[in-house]
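Visitor: Please pick one part of this model and look at it closely. Then show me what surrounds it.

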Amino acid sequence: MQNKKHWAVGLLTGFANGLFGSGGGTVAVPAMERFLHTEEHKAHATAIAVILPLSLLSLGIYLWKGEIVWQIALWASLGGVVGGFVGAKLLKKISGIWLHRIFGVFMLFAAIRMMTT
């Protein structure tokens with residue numbers, strides 16, 4: 001039964017990642033916490049391991065379609081590497097409750113932004 005839940009979380013995460021070009025983490029983290037009973041910090045860290053292959057697959061598809069703007073991708077990737085390093089270091093220092101709150105604020109901001117554009 002547990003493998004079916006893991007597979008379902010992966011399927012939903014992959015769908016969100018492929019459809020939106022990213023965003024799988026917004027599905028993976030809460031799904032891992034709720035359905036797989038993964039501790040908050042481990043869910044956030046594990047989401048990165050899940051998102052990487054999904055992002056590479058999506059990248060291949062977008063490359064094939066000619067949808068990539070390389071100058072934007074390069075600079076955003078460099079910023080993402082720096083941000084990812086800082087975020088990974090901070091993850092260990094933030095309590096689970098604050099991790100939920102911060103993640104929730106980002107989710108609310110993203111939802112409001114998507115509904116108003």
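Guide: Helices here are DSSP runs of H or I with at least four residues, strands are runs of E with at least two, and both are numbered from the N terminus. Helix α3 covers residues 40-65. A word on the ground rules: this is a predicted model, in which local features need pLDDT of at least 70 and side-chain atom pairs count only at pLDDT 80 or more, while totals for chains, interfaces and linings use all residues. Residues are numbered from 1 along each chain as its sequence is written, and side-chain values use heavy atoms, with hydrogens and water left out.

Is H41 buried or exposed? H41 counts as buried, because its relative accessibility is 18%. Buried means under 20% relative accessible area, exposed means over 50%, and partly exposed is in between (1.4 Å probe, protein chains only).

Now its polar partners. The side chain of H41 makes a polar contact with the side chain of E39, at 2.9 Å. A polar atom of the H41 side chain also lies 3.1 Å from the backbone oxygen of L91. A polar contact is a pair of N or O atoms within 3.5 Å; within protein, one must be able to donate a hydrogen and the other to accept it, and residues adjacent in sequence count only if both atoms are side-chain atoms.

Which residues does H41 touch, leaving out those up to four places away in sequence? They are L91, I94, S95, G96 and L99. Contact means heavy atoms within 4.5 Å.

Two of these neighbours lead us to another helix. G96 and L99 belong to α5 in the meeting of α3 and α5. On the α3 side stand E40, H41 and H44; on the α5 side, H100 and F103 join G96 and L99. By class, this contact has two nonpolar, four polar and one charged residues. Ala, Val, Leu, Ile, Met, Phe, Trp, Tyr, Cys and Pro count as nonpolar, Asp, Glu, Lys and Arg as charged, and the others, Gly among them, as polar.

How do we describe such a pair? Two packed helices are described by the angle between their axes and the distance between the axes. For α3 and α5, the angle is about 50° and the axes are 9 Å apart. Axes are lines fitted to C-alpha atoms, for helices over the stretch in contact, and angles run from 0 to 180 degrees between N-to-C directions. The two helices are therefore oblique to each other. Angles under 35 degrees count as roughly parallel, over 145 as roughly antiparallel, 65 to 115 as roughly perpendicular, and the rest as oblique.

Helix α3 has another partner. It packs with α2 (residues 24-35) at an angle of about 135°, with the axes 9 Å apart. So α2 and α3 are oblique as well. The crossing of α2 past α3 is right-handed. Handedness is left if the near helix is turned anticlockwise from the far one by less than a right angle, and right if clockwise. From α2 come G24, G25, A28, V29, M32 and E33; from α3 come E40, A43, H44, T46, A47 and I51. These residues divide into six nonpolar, four polar and two charged.

Helix α2 also meets α5 (residues 96-116): their axes come within 12 Å and cross at roughly 140°. That makes this pair oblique too. The crossing is left-handed. It joins G25, T26, V29, P30 and E33 of α2 to H100, F103 and M107 of α5.

Most residues other than glycine have a negative phi. Phi of H37 is near 55°, a positive value. H37 counts as exposed, because its relative accessibility is 64%.

Last, step back. The chain has five helices and zero strands. Of its 117 residues, 18% count as buried.
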